[in-house]
Amino acid sequence: MSKVSFEELLDAGVHFGHLKRKWNPNMAPYIFMERNGIHIIDLYKTQAKLEEAAAAVKQIAKSGKKILFVATKKQAKDIVANLATSVGMPYVTERWPGGMLTNFATIRKAVRKMSSIDKLVTSEKYSTFSKRERLQIARERAKLEKQLGSIADLNRLPSALFIVDILKEHIAVAEARKLNIPTIAIVDTNSNPNEVDFPIPANDDAAKSIQLILSKLTQAIEEGLTERKLDRDKRAEDDDHDDYEVDEEGRRIYPDEEEDEDGKIIAGKDKGEKLPGRARGSEEGEDRSRRPRKTLAKPSPRKGPPRK
């Protein structure tokens, strides 16, 4: 991934923070200076944190896991939806459904309900419904699509969350922390960076700032997915090069294998196959002597006066 330059961050307005009276003291290490009552973010710290977050999302994508993008701010909705869709990741741009992570089973039920409505619409039974019932089903389907359509392919909990403005999405941050899900977030000067695992100090209100940071992260995700595909193709190619046959007993027979006088297979040295173990008993067919089974001694009769 190409490293984001200082000029790109400066042109996008990433350095603009909030008013001085709204600042969070935990953001002090990321603040460069204060001018006209507004805090200025240190862009060198932003560069370092962005590289760290990009490496993390690349590794997650390479392992084949999902990253959930969360942004319900008006200026970030379209940006997140477009970029998350381009890399095949789920996203939430409408109201965050409470308990989406901590009560994930219930959310999955709602998603399955949406798919059941789709099946109902294509069935013959749908034609027997009245106009009013069809309208109610269509409205319910549209409502579910608006809230949960973007996470329909999310079959299990995401491996990480990317959040724009952790103050607005505080419920999502709390649920992720409760389930120990890593969080990556754009953190402004009025937020607490200690609440997320990978904070990126930047302006979370400007559309250009959000666009720049998200584009760099999605680029890292694309690289991770590409490397995963190349590794998978390489493994498949290596498997194709292994030329072998399977005998009646299900054993692999390679072309460089031979049989000895007794019909036993001598495996090729380069395949690392172990020679078959020695059969029980000697080759002459002599019976192996067995130890006699130990018999438990019977308990001695009870001595003493009989019980009353």
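Q: Which residues of helix α3 are buried?
A: A residue counts as buried when its relative accessible area is under 20%. In this predicted model, helix α3 covers residues 74–86, and its buried residues are A76, I79, V80, A81, L83 and A84.

Q: What does the backbone do just after α3?
A: Here one looks at the phi angle of a single residue: G88, which follows just after α3, takes a positive phi of about 70°.

Q: In what order do the strands of the sheet lie, and is the pairing parallel or antiparallel?
A: Strands count as paired when at least two bridges are found between them. In this structure 5 strands form an open sheet, ordered β5-β4-β6-β7-β8, with parallel pairing. The edge strands, each pairing on one side only, are β5 (91–92) and β8 (198–201).

Q: How many bridges join strand β4 to strand β6?
A: Strand β4 (residues 67–70) and strand β6 (residues 160–164) run parallel and are joined by 4 bridges.

Q: Which strands does helix α2 lie across?
A: Helix α2, made of residues 43–62, lies across β4, β6, β7 (183–187) and β8, and the helix runs at about 140° to β8.

Q: Why does T46 count as buried?
A: T46, a residue of helix α2, counts as buried because its relative accessibility is 0%, and the cut-off for buried is under 20%. Once neighbours within four places in sequence are left aside, T46 is in contact with L9, V14, I41, I200, P201 and A202.

Conventions: Residues numbered from 1 in each chain as written. Predicted model: local features only at pLDDT ≥ 70, side-chain atom pairs only at ≥ 80, totals over all residues. Heavy atoms only, no water. Buried < 20%, exposed > 50% of the residue type's maximum accessible area, 1.4 Å probe, protein only. Helix = DSSP H or I, 4+ residues; strand = E, 2+ residues; numbered from the N terminus. Contact = heavy atoms within 4.5 Å. Axes fitted to C-alpha atoms, helices over the stretch in contact; angles between N-to-C directions.
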